[in-house]
Amino acid sequence: MDTFWRIWTDLLDVLGIDASNLTHYFSPAAIANNPTRALLLIGAILLAYWFLSLFLGFFFYLLHMLFGRFFWIARVALFTLSCVYILQKYEGDPEHAVLPLCFVVAVYFMTGPVGFYWRRNSNSSLEEKMDHLDSQIRLLNIRLSRVIENLDRGSDQ
């Protein structure tokens, strides 16, 4: 629990949020004494994650709309500049640079083809997906029947 607390305060520090006020209310010792604070902390984390995902989704959707086909250039440039900034900030202390770099890499991959705005553009309905699966099954059945026929011909000889 203490390790998660340190990671959380480091992440807040990277984001520029002063976590010294939170240590009084949400430290592992305070949560152990008052379980309702644990529920409050879980709710706050889920709410923060939701707001962060909304913000990042909206921000990268705007970048995607702004740069169009050249969005990957903006994505690579932001990733590179973020990594350079973090490495310069933690130049003498590489252990503290690991968590921010992991966060930047995670954001980089979330904005790739697995991101929300990439999936939003697929306008295929459920019926179209079912038709596609149906055609794939038909093709597999045709291939299977050819394999069975070839095996039967081979066993007859």
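The text takes up the annotated spans, then a surface patch, then a pocket.

This is a predicted model, in which local features need pLDDT of at least 70, side-chain atom pairs count only at pLDDT 80 or more, and totals for chains, interfaces and linings use all residues. Residues are numbered from 1 along each chain as its sequence is written, and side-chain values use heavy atoms, with hydrogens and water left out.

An unreviewed UniProt entry places "transmembrane region" at residues 38–63, 70–90 and 96–118; such annotations may be inferred rather than shown by experiment. Residues 38–63 are 100% helix and 0% strand, with end C-alpha atoms 37 Å apart. For residues 70–90 the figures are 90% helix, 0% strand and 31 Å. Helices are DSSP runs of H or I with at least four residues, numbered from the N terminus.

L66, F67, F70, W72, I73 and V76 make a nonpolar surface patch of about 640 Å². α4 (35–67) and α5 (71–89) are the elements giving two or more residues to this patch, and α5 has the largest share, with three. F70 sits in the loop between α4 and α5. Why does F70 count as exposed? Its relative accessible area is 53%, and exposed means over 50% with a 1.4 Å probe and protein chains only.

The second largest pocket holds about 510 Å³ of space. Among its 22 lining residues, L78, S82, F103, V104 and V107 are the closest to its centre; lining residues have an atom within 4 Å of a pocket point on a 1 Å grid. α4, α5 and α6 (98–110) each supply at least two lining residues, and α5 gives the most, with eight.

Technical notes:
Patches are made of residues with over 30% relative accessible area and no salt bridge: like charges are joined within 9 Å, nonpolar side chains (Val, Leu, Ile, Met, Phe, Trp, Tyr) within 5 Å. Accessible areas come from the Shrake-Rupley method with a 1.4 Å probe; for residues, only the protein chains shown count as cover. A salt bridge is a side-chain nitrogen of Lys or Arg within 4 Å of a carboxyl oxygen of Asp or Glu. Buried means under 20% relative accessible area, exposed over 50%, partly exposed in between (1.4 Å probe, protein chains only). On a 1 Å grid over the protein atoms alone, a cavity is a set of points where a 1.4 Å probe fits but cannot get out, and a pocket is an open set with protein on both sides within 12 Å along at least five of seven lines; lining residues have an atom within 4 Å of a point. Grid points are joined across faces, edges and corners, and a volume is the space filled by probe spheres set on the points.
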